Amino acid sequence: MTVTIVGSQLGDEGKGGIVDVYGDAADVVVRYQGGDNAGHTVVFEGDEYKLSLVPSGAVRGKVGVLGNGCVVNPRTLFDEIATLQEKGLDPNVRVAERAHVILPFHRILDGIEEDVKSESDQEVGTTGRGIGPTYEDKAGRRGVRVGDLLDPDVLRERLEYVVPQKRALIEDVYGLEIDDLDDPDALDVDALFEEFREIGERLEDRNMTVNASAFLTDAMSDGQNVMFEGAQGTIIDIDHGNYPYVTSSNPTAGGAATGTGLSPGVIGDGEIIGIVKAYLTRVGSGPLPTELGGVVGDSPGYDESTEGRNEELAEDIREEGGEYGTVTGRPRRVGWLDMPMLRHSARVNGFTGLAINHLDVLAGLDEVKVGHSYTLDTDEHSSSSNRNDSRSDDGEELFTMPPTTEEWAKCEANFRTFEGWDEVDWAAVAEDGYDAIPENARAYLDYIADEVDTPIYAVGVGPGREETVVVEDPF
Ligand code: GDP
Ligand code: IMO
Ligand code: MG
């Protein structure tokens with residue numbers, strides 16, 4: 001059977017940890033989208049493993065697959081495998097021949113485009129890993145696929161087509177000199193050919209490339225359990241998230257089918273688990289109706305003059321939850337749980353179960369709030385005579401996210417307040433089970449499960465494998 005792990009919010013919900021918790025029964029762990037923009041953490045016996053590209057099942061010695069929906073930077077893949085080997089693991093990673101390759105110029109273009117956008121405050125706050133530019137080339141039918149690295153003639157042909165276009169883009173559109181870039185070789189066909197042909201040989205020597213669809217179908221025919229490890233989250237999905245403040249792939253459950261070559265029926269026959277952080281964090285720009293405090297540069301319209309939005313509380317949660325970017329160390333934006341967001345997420349993904357993480361982080365607060373619904377704070381749309389019916393009226397109470405980011409930005413959260421719960425011995429709670437969770441915290445969890453009509457499968461009460469209350473094992 002299959003179990004699909006999906007981020008229900010804005011990423012960093014603790015997906016890696018849940019993959020690890022349920023990973024014992026899995027034989028293969030598969031990433032189906034994204035690339036090394038992800039940062040997934042597994043904590044086991046005091047050791048912390050940070051994974052960007054290698055599926056988190058590596059910590060338990062499971063076979064990892066990077067599906068065709070992924071974008072793969074081979075440099076970071078090999079570096080990460082080496083780092084994990086130094087930690088005593090032996091990652092067995094297969095890469096789909098249909099997956100697209102992040103080439104060095106994709107990172108450069110990611111940086112240039114963010115710089116240009118920042119001049120008019122439109123930057124997304126990407127991870128700078130070249131994710132967007134690589135998916136652009138995939139959709140533009142000028143990308144280089146992993147399979148292309150195995151055939152020197154095809155690789156050269158692809159590079160000779162795409163590289164001059166990128167040079168022209170950088171020089172003629174952005175007005176930059178290639179020779180002034182940190183790495184001019186990133187736009188040199190011969191240098192790229194040499195490096196990536198050698199990478200192709202390495203992938204071949206290590207028998208790392210596969211037809212993911214056939215590989216996974218065979219595994220399932222052999223009775224193996226397959227786990228899909230979504231990266232990012234539903235609200236930064238390119239279709240279902242708050243465009244344009246999104247990543248360039250589909251973290252939502254449907255992506256597990258298109259991103260691997262297994263049918264939607266296979267994915268739908270399995271379990272789809274929504275990973276929920278008990279509050280919200282966001283890296284980068286875009287609206288956040290339940291935001292507490294703000295991060296200058298990321299929170300729209302927030303600067304020193306707009307202070308007075310519960311900064312202290314935001315700081316407490318940020319410190320307690322260690323909410324700083326894994327790569328950049330920049331503070332993550334923090335907010336209360338947002339139910340319209342979760343209702344949208346549950347509908348889009350068809351969750352069969354929820355794993356609610358970080359319950360321990362909220363312990364010790366007098367009260368815990370939840371954005372239960374929104375009130376749309378504008379009369380702009382209602383005054384329009386030929387208004388589309390999907391648009392909401394001023395003052396209307398909304399229970400799900402509106403489809404446009406502009407409308408979402410005009411939503412004010414209507415809060416419900418829950419009584420707080422004390423800090424307890426969470427490891428003991430994890431051992432004793434759901435009923436050992438403090439009563440007020442259970443009221444909070446039960447409310448979430450009721451609102452999205454989905455049972456709770458697990459509750460995270462700390463970062464470690466043993467700090468999870470397992471209610472249901474999906475396998
Ligand atoms: P992912 O990208 O969804 O895999 O999540 P990240 O690894 O980026 O961020 C989650 C962070 O919270 C990591 O440092 C985890 O070790 C940690 N974490 C996960 N679950 C819990 C939990 O229930 N409680 C606490 N305190 N930390 C958690
Ligand atoms: P995991 O898998 C949180 C965000 C970036 C930016 C936007 C686009 O660890 O949950 P990109 O580099 O993908 O083009 O950036 O998406 N973002 C994430 N935020 N967790 C992630 O991954 C993210 N991956 C991308 O901050 O706002
Ligand atoms: Mg992360």
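How many aromatic pairs does a search of the whole structure find? The search finds 4 aromatic pairs, where rings of Phe, Tyr and Trp (its six-membered ring) pair if their centres lie within 6.5 Å, and planes under 30 degrees apart count as stacked, over 60 as edge-to-face and the rest as tilted. Before we look at them, a word on the model.

This is a predicted model, in which local features need pLDDT of at least 70, side-chain atom pairs count only at pLDDT 80 or more, and totals for chains, interfaces and linings use all residues. Residues are numbered from 1 along each chain as its sequence is written, chains are lettered from A and ligands numbered from 1 in the order in which they are written, and side-chain values use heavy atoms, with hydrogens and water left out.

## Aromatic rings

A pair of aromatic rings is described by the distance of the centres and the angle of the planes. Two of the pairs are described here.

Tyr-32 and Phe-228 form an edge-to-face pair, with 6.5 Å centre to centre and 65° between the planes. Tyr-32 sits in the loop between strand 2 and strand 3, while Phe-228 belongs to strand 10 (residues 226–229), so that distant parts of the chain, 196 residues apart, are linked. Helices (H or I, at least four residues) and strands (E, at least two) are DSSP runs, numbered from the N terminus. Both Tyr-32 and Phe-228 are buried; buried means under 20% relative accessible area, exposed over 50%, and partly exposed in between (1.4 Å probe, protein chains only).

Trp-421 and Tyr-444 make a tilted pair, at 5.4 Å centre to centre and 45° between the planes. Trp-421 lies in the loop between strand 19 (411–419) and helix 13 (426–432) and Tyr-444 in helix 14, so the pair ties together parts 23 residues apart in sequence. Trp-421 counts as buried at 2% relative accessibility, and Tyr-444 counts as buried at 0%. These two rings also belong to a cluster, in which ring pairs link Phe-418, Trp-421, Tyr-444 and Tyr-447.

Rings also meet charges here. The charged end of Arg-156 sits over the ring of Phe-193, 4.4 Å from its centre, and Arg-465 lies over the face of Phe-44, at 3.6 Å from the ring centre. A charge sits over a ring if NZ of Lys or CZ of Arg is within 6 Å of the ring centre and within 35 degrees of the ring normal.

## Salt bridges

Side chains of opposite charge can pair when their charged atoms come close. A search of the whole structure finds 21 salt bridges, each being a side-chain nitrogen of Lys or Arg within 4 Å of a carboxyl oxygen of Asp or Glu. The table shows some of them.

| Salt bridge | N to O distance |
|---|---|
| Arg-197 and Glu-201 | 3.5 Å |
| Arg-333 and Glu-291 | 2.8 Å |
| Glu-451 and Arg-343 | 2.9 Å |

Glu-451 lies in helix 14 (residues 439–451) and Arg-343 in helix 11 (residues 339–349), so this pair ties together parts that are 108 residues apart in sequence. Glu-451 is partly exposed at 26% relative accessibility, whereas Arg-343 is buried, with 14%.

Arg-197 and Glu-201 both lie in helix 6 (residues 189–205), 4 residues apart, about one turn of the helix. Arg-197 is buried, with a relative accessible area of 15%, and Glu-201 is partly exposed, with 36%. As for the remaining pair in the table, Arg-333 and Glu-291 are both buried.

A network of salt bridges links Asp-12, Lys-277, Glu-323 and Arg-332. Glu-323 is found in the loop between helix 10 (311–321) and strand 14 (333–335), and is buried, with a relative accessible area of 1%. A polar contact of 2.7 Å joins the side chains of Glu-323 and Arg-332; the term covers a pair of N or O atoms within 3.5 Å, where, within protein, one must be able to donate a hydrogen and the other to accept it, and residues adjacent in sequence count only if both atoms are side-chain atoms.
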